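Colleague: Could you walk me through the labels on this model? I would like to hear the cut-off behind each one.

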Amino acid sequence: MAGPPLIIWEREVEQLLLYAELVPRLEDALGKFSRRDNAEVIQPVRTTVALQKHNGFLGVMPTYMENDGLLCAKFVCFYKRELGSALPATQATVVLLNPQYGNVEAVMDGDVITGMRTAAVSAVSAKLLMRPDAEVLAILGTGKQALSHYNVFTEMFSFKEVRVWSHRKEGIERFRQSVSGPVTMCVSVEEAVTGADVIVTVTRCTEPVLFGRWVKPGAHVAAVGACRPNWREVDDVLMKEAVVYVDSRDGAMTESGDVILSGVEVFAELGDVINGTKPAHREKTTVFKSLGMAVEDAVSAKLVLDKWKHRGK
């Protein structure tokens with residue numbers, strides 16, 4: 001009979017999960033997902049349940065990676081909070097199960113996993129799609145996702161300037177105190193993104209905050225917020241001028257307001273580029289619309305569990 005599951009808390013996940021180890025595993029997972037081989041990945045589109053009283057949703061994200069022996073599910077609650085709310089925008093838990101017996105092997109904090117794997121996949125999109133001479137990074141938003149994106153982008157790339165914008169001045173000041181390098185505080189989105197080579201949108205906005213007329217030709221945009229079919233971060237002009245890449249085509253056509261409401265055609269999944277079946281149009285303006293996938297949570301959680309088991313050995 002199987003013993004009780006391991007419980008791995010937030011602080012332990014933070015200590016065990018490193019971008020240098022996580023990024024290549026995520027690249028491999030993205031490639032496997034886009035090959036559409038059921039022996040490699042079975043992953044339905046996220047199921048959501050409306051939490052109407054609390055203005056939020058519960059998302060359930062299962063995946064089975066047969067060849068890797070991975071069975072995983074994430075439960076994530078996400079909310080449309082009032083500006084300045086002290087309540088969290090997301091809360092997540094990741095569960096790893098034994099695919100042969102069905103028992104739960106580990107339960108771990110999902111917030112760190114969600115933040116780090118999301119930022120790491122955005123960094124993979126930049127690695128594939130941004131121009132090699134990129135110098136200026138702009139981040140719209142100053143929450144947990146903004147911080148994780150700052151950390152991995154500055155670890156992987158050498159930007160000469162990082163600009164940050166937020167609805168609230170105190171948010172920018174808190175962000176500046178949380179990071180190890182210099183940032184330029186911007187009073188408007190236009191100021192932050194004008195001339196930027198890479199733009200990351202990690203806001204709680206449900207209406208467009210980034211407009212195509214401000215984005216220079218050839219820039220790369222990682223659009224991370226707006227994970228509902230009626231929410232937007234990016235306007236129609238930018239979506240229609242850019243070459244659009246996604247993590248999951250099915251997910252984007254089901255969940256992304258930026259894709260659905262603009263009516264654009266998705267050019268490719270990131271996994272297609274990794275697999276060499278679709279090109280990376282570095283010379284053009286590109287948008288990577290991120291929604292997050294269960295395979296990303298699964299390989300991240302497996303990395304945490306493996307390192308937890310081997311620590312001290």
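Modeller: Happy to! This is a predicted model, so local features need pLDDT of at least 70 and side-chain atom pairs count only at pLDDT 80 or more, while totals for chains, interfaces and linings use all residues. Residues are numbered from 1 along each chain as its sequence is written, and side-chain values use heavy atoms, with hydrogens and water left out.

Colleague: Why is Asn-55 called partly exposed?

Modeller: Its relative accessibility is 43%. Buried means under 20% relative accessible area, exposed over 50%, and partly exposed in between (1.4 Å probe, protein chains only), so Asn-55 counts as partly exposed. Asn-55 belongs to the loop between β2 (47-51) and β3 (56-65), and has a positive phi of about 60° although it is not a glycine. Strands here are DSSP runs of E with at least two residues, helices are runs of H or I with at least four, and both are numbered from the N terminus.

Colleague: And what makes Ala-226 buried or exposed?

Modeller: At 4% relative accessibility, Ala-226 counts as buried. Ala-226, in the loop between β11 (220-223) and α7 (236-241), also has a positive phi, about 55°, without being a glycine.

Colleague: How do you know how many disulfides there are?

Modeller: A disulfide is a pair of cysteine sulfur atoms within 2.5 Å, and searching the whole structure finds zero. The sulfur of Cys-77 is 12 Å from the closest cysteine sulfur, in Cys-227, which is too far for a bond. Cys-205 is in no disulfide either, with the nearest cysteine sulfur, that of Cys-227, 13 Å away.

Colleague: Why are α3 and α4 called oblique?

Modeller: The axes of α3 (residues 111-129) and α4 (residues 144-156) come within 8 Å and cross at roughly 45°. Axes are lines fitted to C-alpha atoms, for helices over the stretch in contact (heavy atoms within 4.5 Å), and angles run from 0 to 180 degrees between N-to-C directions. Under 35 degrees counts as roughly parallel, over 145 as roughly antiparallel, 65 to 115 as roughly perpendicular and the rest as oblique, so α3 and α4 are oblique.

Colleague: What is the label for α2 and α3, then, and why?

Modeller: The axes of α2 (residues 19-34) and α3 come within 9 Å and cross at roughly 70°, so the two helices are roughly perpendicular to each other. Among the residues making the contact are Leu-22 and Leu-26 of α2 and Val-121 and Val-124 of α3.
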